[in-house]
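This is a set of questions and answers about a single protein chain, to be read alongside its sequence and coordinates. Please have both open before starting.

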Amino acid sequence: MKVLSVFGTRPEAIKMAPLLKKLEEIDAFKSVVCVTAQHRQMLDQVLRRFHIQPDYDLNLMRTGQTLPVITTHIVNGLTDIIGKEKPHIVLVHGDTTTSMVAALTAFYQRVPVGHVEAGLRSFHRYSPFPEEINRTLTSRLATLHFAPTETNRENLKREGITENVFVVGNTVIDALARMTRSGFTFRDKHLRALDFEQGRWILVTAHRRENIGEPLERICRAVRRIVSTYPDVQVVFPVHLNPAVREKIFASLEGCERILLMEPVEVEDMYSLIKRVHMVLTDSGGIQEEASALGTPVVILRSRTERPEAVEAGKAILAGSDEEKVFAEASYLLENEAAHARMSEPIPLYGDGMASDRIADILLSYAREKGLPYKKARP
């Protein structure tokens, strides 16, 4: 069974890597990998770490690229690849423009699509933008839906999608299981130099399109207030490579005492960082999942989330991008030890680290059901 996996960003690569490794282990699969490089440098970090060598690289990242340009390049490049490889199924992940366009391109050539991390919804078309519409359209195009949680399955059911929906857990937990270990030493020299036993550390990340501009300025003002109000607090802020993000963050926070601005960190460093800090302030979706598994409280820098499980379980707080709200929620966790302790217990909200195994089993069953080329794996 020939499986073509298509992804283009760092988060997709992290979450697809365990599944790609699983497919490589099973003789019944011929795994073909195409990256679009929607994020070039940050994607390459993950490919190196997981020892993934793509068969195809569209290398489409350009300075100032727009969504229409990304869309056009993916359709043109992937059409030729699908035509050449003739895969039995195309796997896409999550909610990126790469995923939606790859699913559409596969549909145009009547190739079934498997959607990994299916069924996440914020129920607001512009938040996050363009991710909410990307994942909704991908669900309409997909044949197999690999949902991380029961909530995701119910979301699909509300939209009339009930066939071939499988609750498998999130592959990000598979990646965590592979990448976290005790006694880990940071690879990044700046992180190695930090003393996490001194004071309380906060990890901050922000990059969402809807936060670029004034919302990001408000977030930065809140971070400055937190540090100035609590003398024992220090901040580490890996800054996304998007020029619009970097301009705002460096203009607001560069040179501020006890705030370390640094380049994006590799996946193992990020997992260890999440585990060591007092709390995380983020607009990232993946970090919400990772932090809940690692037992680190999260203040979500968005007004809504497509991952409500952590909020409902009391492991994350929605704060949006309002300066007062972000400052208030961070202060609550800094001043209320009991609340912080309650939020710091790791719980398996998003899976048990076996999602890739389940997806591989479902793909094998699908191959048998459809009479696709299939052979048993080696004993």
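Q: Between which two elements is the loop that holds Arg258?
A: This is a predicted model, in which local features need pLDDT of at least 70 and side-chain atom pairs count only at pLDDT 80 or more, while totals for chains, interfaces and linings use all residues. Residues are numbered from 1 along each chain as its sequence is written, and side-chain values use heavy atoms, with hydrogens and water left out. Helices (DSSP runs of H or I, at least four residues) and strands (runs of E, at least two) are numbered from the N terminus. On that basis the loop of Arg258 runs between helix H10 (243-253) and strand E10 (259-262).

Q: What is the phi of Arg258, which is not a glycine?
A: Most residues other than glycine have a negative phi. Arg258, with a relative accessible area of 25%, is partly exposed, a class that lies between buried (under 20% relative accessible area) and exposed (over 50%), as found with a 1.4 Å probe on protein chains only. The phi of Arg258 is positive, at about 65°.

Q: What is the omega of the peptide bond that joins Ser127 and Pro128?
A: Most peptide bonds are trans. Pro128 is in the loop between strand E5 (113-116) and H5, and Pro130 is found in the loop between E5 and H5 as well. The bond from Phe129 to Pro130 is cis, with omega near 0°. The bond that joins Ser127 and Pro128 is also cis, and its omega is about 0°.

Q: Why do the buried residues of H6 count as being on the same side?
A: Within helix H6 (residues 150-158), the buried residues are Asn152, Asn155 and Leu156. An α-helix has 3.6 residues a turn, so residues three or four places apart point the same way. Taking the arc as that of the directions from the helix axis to the C-beta atoms, the three residues are on the same side of H6 because they cover an arc of only 95°.

Q: Which exposed residues does H6 carry on the face turned away from its buried side?
A: The buried residues of H6 are covered by elements that include helix H5 (131-141), strand E6 (144-147), strand E7 (165-167) and helix H13 (308-312). The face turned away from that buried side carries Lys157 and Arg158.

Q: At what angle do the axes of H1 and H16 cross?
A: Axes are lines fitted to C-alpha atoms, for helices over the stretch in contact, and angles run from 0 to 180 degrees between N-to-C directions. Helix H1 (residues 10-25) and helix H16 (residues 355-370) have axes that come within 9 Å and cross at roughly 50°, which makes H1 oblique to H16, since angles under 35 degrees count as roughly parallel, over 145 as roughly antiparallel, 65 to 115 as roughly perpendicular and the rest as oblique. The crossing is right-handed, meaning that the near helix is turned clockwise from the far one by less than a right angle, anticlockwise being left-handed. The angle asked for is thus roughly 50°.

Q: How many residues of the contact of H4 with H5 are charged?
A: Helix H4 (residues 97-108) and H5 have axes 9 Å apart at an angle of about 25°, and they are therefore roughly parallel. Contact (heavy atoms within 4.5 Å) joins Thr97, Ser99, Met100, Ala103, Leu104 and Phe107 of H4 to Asn134, Leu137, Thr138 and Leu141 of H5. Ala, Val, Leu, Ile, Met, Phe, Trp, Tyr, Cys and Pro count as nonpolar, Asp, Glu, Lys and Arg as charged, and the others, Gly among them, as polar. The contact has six nonpolar and four polar residues, and the number of charged ones is none.

Q: What distance separates the C-alpha atoms of Leu137 and Met100?
A: Leu137 is in helix H5 and, at 38% relative accessibility, counts as partly exposed. Leu137 and Met100 are 37 residues apart along the chain, and their C-alpha atoms are separated by 6.6 Å.
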